[in-house]
Amino acid sequence: MSTISSRVSAGNPLAPEVSGDALPQHDIITPSSMPEEPNPGQSTPKEYKVVINVSLSWLTQSHTIPTLNLTDSATIGRVRLIDCDQYLEHDTLVVHEFFDFPTPNHPYAALSYVWRGNAVDESTVGPRFSVAGAADGDPVGILALKHACAAARRYGVKYLWLDRLCIMQTSKDDKAWQITQMFRIYKESAASIVFPGGIQRLMNLDEPTTWINRGWTLQEALAPPRVEVVYAWRHGSGMYHGVFRGDIRELVPGQSAITPLRELLALNGFRSTTFFPSSTGTPIPFRTTIFGLPTDASDARPVVPDKTTEVVIFMLKNALASGGETFDERAPAIWRSALFRASSRPVDMVFSIMGLFGVALDPREFRADDRLGATLTLMRAILAREGGKASWLSLAPYLPPHPRLSTFPVFPKTSVDGRVELELVPPGVGGSILGQKLSESVGLSKRRAAILDTRRIRMPTGSMDEAGYLRISRKAVRIHALSPAFPLPGEGHHAHLESSQTAGPPLCCLAFRAIDGTGWRFYDLPEDVGDVEDRPLLNSVPKNNLEPRTLAVLVGWHNEFSLEGQWMGPRFLNAMLVREHAPEMFHVVSYFELSYKLERWVDGWEEMDLRIGGPGNPRHMAKLNGTR
């Protein structure tokens with residue numbers, strides 16, 4: 001059997017020096033071929049069994065990347081953890097499979113990383129191993145895993161959860177069960193340890209990664225009690241000073257450091273921060289772009305706000321708990337943050353957030369591309385829970401509504417490498433930007449981003465049927481379409497109004513342009529308005545009885561922020577523009593941004609019971625597409 005020397009390589013203090021014969025090429029290591037590494041004097045507790053036990057010398061001596069296989073030793077539907085004590089002190093990879101979960105007697109940390117991370121230099125990356133069934137992902141770096149275990153032990157825990165090793169990647173049933181437990185796995189952990197660039201190697205702070213753009217990493221950042229980022233660092237512990245102040249804590253001397261996620265998010269993108277080592281005090285400038293490069297302000301191309309690094313970070317910071325907000329106040333930011341994240345399987349965009357809302361869907365009931373069906377099912381489950389709210393309303397008001405689930409925006413197309421592309425609006429679906437790329441749609445390049453603020457106006461409770469129609473009670477008002485030739489006032493035309501006024505605003509202040517560019521009047525047409533020639537300007541359909549019933553429905557307050565991810569205000573009132581397409585059945589067409597000075601007037605709108613969804617049938621369309 002290969003053994004590991006007690007000496008340590010001078011160039012790499014965490015890398016074991018090995019001896020013995022190399023493994024055959026392309027060898028797959030199964031439990032029957034793994035060498036026994038018993039711990040003398042200690043019997044195996046009844047709480048778990050060992051499913052992997054292999055000396056690191058077996059893994060480091062192979063001329064190729066060896067593959068571990070849990071198929072014959074693991075049991076479907078159980079939680080497994082890596083023993084960090086064995087890994088760091090005995091140079092042995094040991095995985096325990098627990099009979100029960102949670103494991104109160106065996107605290108653990110959980111790793112958060114991207115399935116396919118940053119590129120590596122094959123000549124310097126060091127030994128790695130793969131896992132059977134996970135050939136589409138990066139192999140696991142043996143040295144990187146040592147840094148992860150070192151971080152776990154920093155919290156006084158001996159175990160580490162790593163999905164690559166702790167899920168039976170060859171078993172669809174075990175994967176499905178693990179997905180339903182994923183939220184609990186991270187919530188019950190002592191901490192989430194973030195490896196932004198993957199598990200082959202550590203990233204430097206100035207190496208951009210796709211971690212913040214990946215679907216599953218949102219839950220991995222929100223569920224645990226604390227979240228820390230591990231990165232390559234050789235300057236020791238000390239203090240940094242720039243726009244913000246904070247501490248950098250060395251993890252492995254001369255190799256890595258660890259910093260809370262929220263602090264690194266705040267540093268990302270600033271041109272320079274200065275680090276003062278505790279050992280010397282000599283200032284060292286550094287820059288953090290590990291979560292993405294800043295947006296180039298000189299780029300004249302249209303910008304989709306949610307895709308910029310600054311706004312992606314801003315949304316995640318608003319979704320993170322900071323001590324004072326309720327979950328209902330954070331929920332809109334969770335939906336918004338999830339919308340533009342990426343995954344190789346579109347349905348994972350739903351599975352990755354369901355636990356945050358207290359829902360566990362069965363992944364086996366959905367095809368990999370059935371994001372629509374899974375989203376509808378998640379919405380229904382949320383509203384069926386006590387106190388569940390439709391916190392996804394006005395999620396991204398500058399995007400067209402989904403043609404089959406109009407209370408939600410169109411879905412971006414995603415890929416495993418972190419790319420997010422906006423779909424084209426399907427032909428024949430309502431709206432004024434048909435057939436255009438969303439990044440080229442009306443006003444999008446200039447539109448500032450905003451996030452729903454639920455502190456003053458609560459999101460509605462209600463129910464949703466199988467066709468995706470949301471039943472809610474909300475303040476609303478009848479509105480009427482204006483002719484495209486009607487001269488609408490520009491921004492700021494409510495400046496003369498008093499925000500405290502109780503009387504209705506003058507009619508001149510009640511003509512608005514929706515986000516999709518269409519014009520609307522928020523009052524009934526008096527009989528004595530203008531000559532006959534003027535009436536078509538006030539209503540694109542001269543005979544009101546032929547006009548589809550259209551409403552403005554109050555959603556709530558939005559706070560604006562710049563593409564730099566800073567609050568810029570002012571707040572405005574957001575309303576859905578909904579149109580009736582069948583008796584008492586409405587669909588979302590667009591949204592309005594109304595001046596905050598109209599709050600008193602909006603508060604006087606009539607409370608209406610509404611049914612909003614469609615206009616297409618999600619279930620019917622899903623069958624046509626071959627999903628579900």
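The disulfide between Cys84 and Cys149 is left-handed, because the torsion about its S-S bond is about -70°. Bear in mind that this is a predicted model.

**The disulfide**

- The sulfur atoms of Cys84 and Cys149 sit 2.4 Å apart, and the two residues form a disulfide.
- Cys84 belongs to helix 2 (residues 84-89) and Cys149 to helix 3 (residues 142-154), so the bond ties together parts that are 65 residues apart in sequence.
- Cys84 is buried, and its relative accessible area is 0%.
- Cys149 is buried too, with a relative accessible area of 0%.

- What about Cys166, and how far is its sulfur from the closest cysteine sulfur? The gap is 9.7 Å, and the partner at that distance is Cys84.
- That is too far for a bond, since a disulfide here needs the sulfur atoms within 2.5 Å.
- Cys166 is buried as well, at 0% relative accessible area.

- You'll find Ser256 in strand 16, which covers residues 256-260.
- Is Ser256 buried or exposed? Ser256 is buried, with a relative accessible area of 0%.
- Its side chain makes a polar contact with the side chain of His147, at 3.0 Å.
- His147 also turns up among the residues in contact with Ser256 once neighbours within four places in sequence are set aside.
- Besides His147, that set holds Leu202, Val230, Tyr231, Ala232, Trp233, Glu250 and Leu251.

**The protein as a whole**

- The protein has 628 residues, and 55% of them count as buried.
- How many helices and strands are there? The protein has 14 helices and 31 strands.
- Take the contacts between residues at least 6 apart in sequence: 71% of these join residues at least 24 apart.

How values were computed:
Residues numbered from 1 in each chain as written. Predicted model: local features only at pLDDT ≥ 70, side-chain atom pairs only at ≥ 80, totals over all residues. Heavy atoms only, no water. Helix = DSSP H or I, 4+ residues; strand = E, 2+ residues; numbered from the N terminus. Buried < 20%, exposed > 50% of the residue type's maximum accessible area, 1.4 Å probe, protein only. Contact = heavy atoms within 4.5 Å. Polar contact = N/O pair within 3.5 Å; in protein donor to acceptor, adjacent residues only side chain to side chain.
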